[in-house]
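Please read it with the sequence and the structure in view.

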Amino acid sequence: MILRSIELDFWRNYPHLEASFSPTVNVICGDNAQGKTNLLEAIAYLSTARSHRSRYDRELIAFGVDHAFVKAEVFTREREFTLEARLSRGRGRQLFSNGVRLKNSAELSGILTTVLFCPEDLYLIREGAAERRRFLDECICQLRPRYAAALGEYRRLHEQKTRILRDWPEHPSLLETLDDFNLRMAQTGAILIHYRAHFVRRLLEVTPAIHREFSGAREELTLRYETVSTVTDPLRPPREILPELLSHQERHRQAELDARQCLSGPHKDDLVVELDGRSAKSFASQGQTRTAALSLKLGSREIFRQETGEWPVLLLDDVLSELDERRQDFVLSRISGGQVFITCCEADKTRRLQGGKAFCVRSGALV
Ligand code: ATP
Ligand code: MG
């Protein structure tokens, strides 16, 4: 998988940019606030039509302008693809692959696969379950269009059910549609659970070994997928998971009406990360947290390669500055193979990377 070039118009602080990249290592240097992260964000956006930093597309459009554009040439599966996203304030966004308008972001799945690692990934270990669900969703959406479509559907249903539960005391007739929403949420929820369980099983095959090496054989990392309590085996086909979800909903029906909140379903799932048998969320040190997060990301990169036969594009934002020398060496030795984009403030740290291209970013321009 190779990102050959990119073109940006009014993306964040880039008025206009055209750049072509090395198929190996691309080092992006520059002082703070010049646009390094913005460039990686634009690349990652073309994988899933989501930004890792902003919930709303409008935040990606340059201040004072009402549209933005990102376009990339990608070489994958022996073919050339042109991916394009056009964003506009108020009028939503349009996605294109080789000039053909896509119906939704799920259709982007499997074209440009990326793994992004950034300083905020500390939250992946530290924060609540939402961050870890986001990690699972980002990975599986890129690999499985069916999952991406189910996730989009589940989010829509969840939003509508939340509205019903919030407003029913004032508008009791809303409850007439509740059973229908419950059934559809359980159907799509069963698909999410099935895919998540399989992905976590794959992660468990590759990540502990990476982490062992990364930590100098000092720590043992384990992972566990936690989902709706009535599900006995999340690896089973969705149609077998469905009745278990329905029974959980049934048991929580009154509690949902009382709390006026949606309490049952995989929107509460978690990926429990443990180091030496203890919860990483509660006990890991700063360094351990960073190492565990990076192990998860490198694990997902491994799975992408096994699944697609190609390395995904690796986007490393400011990772080296946070690691000690030995861990820096580990990262730099691990990332050979596929195409890599790595940002940093000083160029010397990345000198060890052979070949490739170096760019310097200043105020939204490459110099
Ligand atoms: P650091 O080394 O601090 O991480 P960076 O080079 O990664 O810096 P970016 O995060 O890419 O910096 O941000 C560059 C600049 O883009 C920031 O000054 C930010 O305020 C600006 N910026 C963010 N969003 C927009 C937007 N929608 N329109 C214009 N500028 C924006
Ligand atoms: Mg940055």
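Leu275 stands opposite Arg278 in β11. The model is a predicted one, and the points below are grouped by topic.

- β10 and strand β11 (residues 278-279) are paired in the antiparallel sense over two bridges.
- A hairpin is formed by β10 and β11, with two residues between them, and Asp276 in its turn has a positive phi of about 50°.
- On its other pairing, β10 is joined in the antiparallel sense to strand β9 (residues 221-226) over six bridges.
- Within that pairing, Tyr225 stands opposite Leu271 in β10.
- Strand β10 covers residues 270-275, and six of its six residues are buried.

- Strand β1 (residues 2-11) runs antiparallel to strand β4 (residues 67-76), and seven bridges join them.
- Ile2 has Phe75 as its bridge partner in β4.
- β4 pairs with strand β5 (residues 79-88) in the antiparallel sense, over 10 bridges.
- Across that pairing, Ala72 has Leu83 of β5 as its bridge partner.
- The β4 and β5 hairpin has two residues between the strands, and Arg77 in the turn has a positive phi of about 50°.
- β5 is joined to strand β6 (residues 92-97) by six bridges, and the two run antiparallel.
- The bridge partner of Leu87 in β6 is Arg93.
- Three residues separate β5 and β6 in their hairpin, where Gly90 in the turn has a positive phi of about 85°.
- β6 and strand β7 (residues 100-101) run antiparallel and are joined by two bridges.
- Ser97 is placed opposite Val100 in β7.
- The hairpin of β6 and β7 has two residues between the strands, and Asn98 takes a positive phi near 45°.

**The six-stranded open sheet**

- In what order do the six strands of the open sheet stand? The order is β8-β12-β13-β3-β14-β15, and the pairing is mixed.
- β8 (114-117) and β15 (365-366) are at the edges with a single partner strand each, so one side of each has no neighbour in the sheet.
- Strand β12 (residues 313-317) and strand β13 (residues 340-344) run parallel and are joined by four bridges.
- Leu315 has Phe341 as its bridge partner in β13.
- Helix α8 (residues 286-308) lies across β8 and β12, and runs at about 175° to β8.

**Helices α3 and α4**

- Helix α3 (residues 129-143) packs against helix α4 (residues 145-167) at an angle of about 130°, with the axes 5 Å apart.
- That angle makes α3 oblique to α4.
- On α3, the contact is made by Asp137, Ile140, Cys141 and Leu143; on α4, it is made by Pro145, Tyr147, Ala148, Leu151 and Arg155.
- By class, this contact of α3 with α4 has seven nonpolar, no polar and two charged residues.

**Cysteines**

- How many disulfides are there? The count is zero.
- The sulfur of Cys344 has its closest cysteine sulfur in Cys29, 3.6 Å away, which is too far for a bond, because a disulfide requires sulfur atoms within 2.5 Å.
- Cys344 is buried, with a relative accessible area of 8%.
- Cys360 is in no disulfide either, and the nearest cysteine sulfur, that of Cys29, is 6.5 Å away.
- Cys360 counts as partly exposed, at 29% relative accessibility.

**Positive phi in loops**

- Most residues other than glycine have a negative phi.
- Asp318 has a positive phi, near 60°, and sits in the loop between β12 and α9 (325-334).
- Is Asp318 buried or partly exposed? Asp318 counts as partly exposed, at 24% relative accessibility.
- Ser363 also has a positive phi, near 45°, and lies in the loop between β14 (357-362) and β15.
- Ser363 is exposed, with a relative accessible area of 53%.

Methods. Residues are numbered from 1 along each chain as its sequence is written. Chains are lettered from A and ligands numbered from 1 in the order in which they are written. This is a predicted model: local features need pLDDT of at least 70, side-chain atom pairs count only at pLDDT 80 or more; totals for chains, interfaces and linings use all residues. Side-chain values use heavy atoms; hydrogens and water are left out. Axes are lines fitted to C-alpha atoms, for helices over the stretch in contact, and angles run from 0 to 180 degrees between N-to-C directions. Angles under 35 degrees count as roughly parallel, over 145 as roughly antiparallel, 65 to 115 as roughly perpendicular and the rest as oblique. Contact means heavy atoms within 4.5 Å. Ala, Val, Leu, Ile, Met, Phe, Trp, Tyr, Cys and Pro count as nonpolar, Asp, Glu, Lys and Arg as charged, and the others, Gly among them, as polar. Two strands pair if DSSP finds at least two bridges between them. Buried means under 20% relative accessible area, exposed over 50%, partly exposed in between (1.4 Å probe, protein chains only).
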